[in-house]
Amino acid sequence: MLHRFHRKIMYKIKIINRIPVNEIEELVKMFIPKEDYTVTVDEALAISQSFSVVFEDKRLSEPVNHFQFPGRDPGDKKELKNAVKRGIYTALSRHLNRTLPWGTLTGVKPGKIVRELKEKGKTEDEIRTHMKDYYYLSEEKTELLLEILHNQYPYTQVEGERSAGIYLGIPFCPTRCVYCSFTSNTPKKDDIERYLKALYREIEYVGSQMQKTGWKADSFYIGGGTPTTLNEDQLEDLLSKIFREFDLSGCREFTVEAGRPDTITFEKMQVIKENGIDRISINPQSMKQKTLDLIGRSHTPEQIREAYATARKAGIGTINMDLIAGLPEEEPEDLMDTLEKVIALGPENITIHTLALKRASRLKMEDDRYHLRHAEVLEDMVEMSQRRMKEAGYRPYYLYRQKYMAGNFENVGYSLPGKECLYNIRTMDEQQTMIALGAGGISKRYFSAQTRIERSANVSNFEIYIDRIEEMLDRKLQLLFA
Ligand code: SF4
């Protein structure tokens, strides 16, 4: 695949006013650096000419190319948007001699599209044709989505309208990674205690309201941040509180994201295990010391192995390990070396992320063109890792994409058969209510009759969360319990 960045060319895209500019930009920025294009609404464009793409060469007085795509009105906003995206994709793809593996798809959850097609009774071959002709998806990505659908389908059938997954966030980490765009803070004295006090208020409220109104939790996930930033006593207190306040008799899965290896101790693992929790996550990201230093992780690859052995020694049965493809200065061989080392440990789940650059991350601010330069390398990394995971007996079981993701790629969760994480599948599938506690948690209520989701977010700043905890409870009341 050839990448040609025509630094002297300005791409001027105009669209009809019935299409959201941001969605078109999501697509265009996968081809061209931000400073080299504009997307604007042209009120004068007729429905039969819903967009235009003009390539202006700054060295010439006239535009070098001009695409104006006449089309018929599909009569539906979504159809029109997709037709315009296909047209713009074709124009840019021809001009830059480049295709995108995900075609015109810019959404975060492409798996939902294939599931919906299956539920409408489409055969696999019909789904393949649709993904290729309608979204210009590559064959590899379509096959990946179909395989994931097959592996996760048994877990997507939710038990009743009042069944929910619960997320609880601990927004603290020992230090901040350079690529981080999550709600994460390095705690100062008393921060954790003050936060837990407010969180306990939310746990008590949500626990009792759920019991009163007949909600049942079938999965529970403690994420962050890094929940194991809490010391042993704080962790024990938190878990006891959760088990006291929630009815978890029907809970099929409980996960604690331990995350950073430098926060894992035998005592904390024992606390987790003794509370009946058997699933954790240890996230190396890379097994290369130089990379760990570069991204601000203050631990060694050896600490990752030790943390893993410690968790096993405490009896933890299911471990996920997160890796990142596309970390600074890493080549495909570095990722493959990390992958081999992680596979050799034998975790039940491995999740391979592609470096996502969001607005909040320091790395993005430092280097805005990073993701386009590395797209080619990343493509190799993604393909190689997918092949190797298959050989090692892991099956892809969930996938999501992120905005600002390097090179338009994806995060894929792999699992040994039967060890899939229910919570991950259902969060992405969005056919179940998710109740989120803690700073930055976004609760989503699913209304199956209308296949509709309503959201309510807790504030992400933990200080404001503490100050306005009663307001957070009120938001939950409105969304879930009123
Ligand atoms: S461990 Fe995760 S949440 Fe914490 S700073 Fe690093 S990327 Fe952010």
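Okay, a definition to start: I call a residue near a molecule or strand if its C-beta atom, placed from the backbone, lies within 6 Å of it. By that rule the ligand here is surrounded by Cys173, Arg176, Cys177, Cys180, Phe182, Ser184, Gly224, Gly225, Thr226, Gly259 and Arg260.

Quick housekeeping. This is a predicted model, where local features need pLDDT of at least 70 and side-chain atom pairs count only at pLDDT 80 or more, while totals for chains, interfaces and linings use all residues. Numbering runs from 1 along each chain as its sequence is written.

Back to that shell: four nonpolar residues, five polar and two charged. Here Ala, Val, Leu, Ile, Met, Phe, Trp, Tyr, Cys and Pro count as nonpolar, Asp, Glu, Lys and Arg as charged, and the others, Gly among them, as polar. Two of the shell glycines are worth a look: Gly224 and Gly225 are joined by a cis peptide bond, omega about 15°. Gly225 sits in the loop between β6 and α7 (232–245).

What about the inside? Of the 482 residues, 43% are buried, meaning 20 or more other C-beta atoms within 10 Å of their own; 12 or fewer is exposed, in between is partly exposed, and C-beta atoms are placed from the backbone. The largest nonpolar core has 119 residues, with Ile13, Ile88, Ile282 and Ala311 making the most contacts inside it. A core is a set of buried Ala, Val, Leu, Ile, Met, Phe, Trp, Tyr and Cys residues joined through C-beta atoms within 7 Å. Helix α6 (residues 191–213) gives the largest share, eight residues.

Most residues other than glycine have a negative phi. Glu329, though, has a positive phi of about 65°, in the loop between β9 (318–325) and α11 (332–345). Glu329 is exposed, with 10 C-beta neighbours inside 10 Å. Glu430 also has a positive phi, near 55°, and is partly exposed, with 16 other C-beta atoms within 10 Å.

Methods: Helices (H or I, at least four residues) and strands (E, at least two) are DSSP runs, numbered from the N terminus.
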